[in-house]
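My notes follow in the order in which I checked things.

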Amino acid sequence: MKSSAPKFNPAEYLIRLVRKNSLYHLPHAMTVQQRAERVHRHLAQAPPQTPQQVKNILSHIYRLPKSGWS
């Protein structure tokens, strides 16, 4: 049975977004240092989420227990 805890953690949504935007589809030969630099560059360009996106995620999390999701 899969834990529902990540669905209730806003940091998990951010981690997922960083992975999607910075780490997917990279050459397998990239070093950990190169990958870290890539994440750093992406995060330095702009915040990963707008305030509205954060608000939407928090609203979504708030509604999860009420929708019968467990």
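I took helices (H or I, at least four residues) and strands (E, at least two) as DSSP runs, numbered from the N terminus. Residues are numbered from 1 along each chain as its sequence is written. Because this is a predicted model, local features need pLDDT of at least 70 and side-chain atom pairs count only at pLDDT 80 or more, while totals for chains, interfaces and linings use all residues, and side-chain values use heavy atoms, with hydrogens and water left out.

Confidence. I noted pLDDT, the predictor's confidence in each residue from 0 to 100, and found a chain mean of 85, with 87% of the residues at 70 or more.

Overall make-up. I read three helices and zero strands, running α-α-α from the N terminus on. Counting as contact any heavy atoms within 4.5 Å, I see that residues 24 or more positions apart account for 57% of the contacts with a separation of 6 or more.

Surface. With accessible areas from the Shrake-Rupley method (1.4 Å probe; for residues, only the protein chains shown count as cover), the chain exposes about 5900 Å², of which carbon and sulfur atoms supply 59%. Taking buried as under 20% relative accessible area, exposed as over 50% and partly exposed as in between (1.4 Å probe, protein chains only), I find that buried residues make up 13% of the 70 residues.

Packing of α1 and α2. Their axes are 9 Å apart and the packing angle is about 110 degrees. Angles of 65 to 115 degrees count as roughly perpendicular, and α1 and α2 are therefore roughly perpendicular to each other. On the α1 side I listed Val 18, Asn 21, Ser 22 and Leu 23, which meet Arg 35, Arg 38, Val 39, His 42 and Leu 43 in α2.

Two loop residues. Gln 49, in the loop between α2 and α3 (51-63), is buried at a relative accessible area of 19%. Leaving aside neighbours within four places in sequence, I find Gln 49 in contact with Leu 14, Leu 17, Val 54 and Ile 57.

Technical notes. Axes are lines fitted to C-alpha atoms, for helices over the stretch in contact, and angles run from 0 to 180 degrees between N-to-C directions. Angles under 35 degrees count as roughly parallel, over 145 as roughly antiparallel, 65 to 115 as roughly perpendicular and the rest as oblique.
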